[in-house]
Amino acid sequence: MSPAAKVLVIEDDLHIRRLVRAALERAGHRVAEAATAREGLALVDIEKPDGVLLDLGLPDRDGLELIQLIRARSAVPVLVISARADTSEKVAALDLGADDYLTKPFDTEELLARLRTALRRRQADEPMLVTGDITIDLDHRRVTRGGADVHLTPKEYAVLAELARRPDRVISHAHLLRTVWGPAHESQVDYLRIVIRGLRQKLEADPAAPALIRNEPGVGYRLVI
Ligand code: CA
């Protein structure tokens, strides 16, 4: 398989981890391994993998929660591998930002094929947006203003990235809340308001008269490019 990628495998079952590592290495990938959610999250930051394979049944934290935490940090493709076959969980994983879902037991060839697709799709999906003196580089998680890096909190970045993936379109409050905070927080519009205020302070020429992140009252927000 080409190109070779760095893949993080978050899975507490040692047998499956070894099996997956062997398949990935045969395909030319580099592999990092974590047996817990805590370790996995740390390695997302440290290793900056090109793809994540995530088991939902982890000892220290629910995998669905982990998807949200990964998404708040990174746009890395996440492929879920789970023993749970029910559709609602699959939908929840995809809603939270997972790219694909495989049910155990799975064929390693299929795993490699799905990973390849997720890596390719993500590369094609993440353009660099430029508007005025602002650039938003989703591939590298980098936002600049007048050429200087803008420091955003993980939540600010996650909201901005959601808006930037569909520029000039209204993204609903519910969608932003579900994607960034999780389904339980879908109606917490006040969370979103605080984060939008922070983004405007950092990105707008006049935060009181926002031209970049527009309000659609009662509906959502739109990133104007
Ligand atoms: Ca497990």
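Analyst: Buried means under 20% relative accessible area, exposed means over 50%, and partly exposed lies in between (1.4 Å probe, protein chains only). This is a predicted model, in which local features need pLDDT of at least 70, side-chain atom pairs count only at pLDDT 80 or more, and totals for chains, interfaces and linings use all residues. Residues are numbered from 1 along each chain as its sequence is written, and side-chain values use heavy atoms, with hydrogens and water left out.

User: Which protein residues are donors of the calcium ion?

Analyst: Donors are N, O and S atoms within 2.8 Å of the metal (3.2 Å for Na, K and Ca); water is not among the atoms, so sites may look incomplete. The spacing of the donor residues in sequence is D-x42-D-x1-G. Lying 2.2 to 2.4 Å from the calcium ion, the protein donors are Asp12 (OD), Asp55 (OD) and Gly57 (O).

User: Is Asp55 buried or exposed?

Analyst: Asp55 gives an OD donor to the calcium ion. Its relative accessibility is 3%, so Asp55 counts as buried.

User: How many aromatic pairs does a search of the whole structure find?

Analyst: Rings of Phe, Tyr and Trp (its six-membered ring) pair if their centres lie within 6.5 Å; planes under 30 degrees apart count as stacked, over 60 as edge-to-face and the rest as tilted. Under this rule, the search of the whole structure gives one aromatic pair.

User: Why is the pair of Trp181 and Tyr191 called tilted?

Analyst: A pair of aromatic rings is described by the distance of the centres and the angle of the planes. The centres of Trp181 and Tyr191 are 5.9 Å apart and the planes stand at 50 degrees, so the pair is tilted.

User: Which parts of the chain does this pair tie together?

Analyst: Helices (H or I, at least four residues) and strands (E, at least two) are DSSP runs, numbered from the N terminus. Trp181 is buried at 12% relative accessibility, whereas Tyr191 is partly exposed at 30%. The pair ties together parts that are ten residues apart in sequence, because Trp181 lies in the loop between α7 (173–180) and α8 (189–203) and Tyr191 in helix α8.

User: Which residue lies over the face of Tyr157?

Analyst: A charge sits over a ring if NZ of Lys or CZ of Arg is within 6 Å of the ring centre and within 35 degrees of the ring normal. At 4.1 Å from the ring centre of Tyr157, the residue over its face is Arg141.

User: What is the volume of the largest cavity?

Analyst: On a 1 Å grid over the protein atoms alone, a cavity is a set of points where a 1.4 Å probe fits but cannot get out, and lining residues have an atom within 4 Å of a point. Grid points are joined across faces, edges and corners, and a volume is the space filled by probe spheres set on the points. The count comes to one cavity of 30 Å³ or more. The volume of the largest cavity is about 100 Å³.

User: Which helix gives the most to the lining of the largest cavity?

Analyst: The lining has 13 residues, with Arg71, Ala72, Ala158, Glu162 and Arg165 nearest the centre of the cavity. At least two residues each come from α3 (63–71), α6 (154–165) and α7. With five residues, the helix that gives the most is α6.

User: Where does a cis peptide bond occur, with omega of about -5 degrees?

Analyst: Most residues other than glycine have a negative phi, and most peptide bonds are trans. Pro105 is placed in the loop between β5 (100–103) and α5 (108–125). The cis bond joins Lys104 and Pro105.

User: What is the phi of Lys48, which is not a glycine?

Analyst: Lys48 lies in the loop between α2 (37–47) and β3 (51–55). Its relative accessible area is 61%, so Lys48 is exposed. Its phi is positive, at about 45 degrees.

User: What is the phi of Asp168, which is not a glycine?

Analyst: Asp168 is found in the loop between α6 and β10 (170–172). It is partly exposed, with a relative accessible area of 38%. Its phi is positive, at about 65 degrees.

Notes. On a 1 Å grid over the protein atoms alone, a cavity is a set of points where a 1.4 Å probe fits but cannot get out, and a pocket is an open set with protein on both sides within 12 Å along at least five of seven lines; lining residues have an atom within 4 Å of a point.
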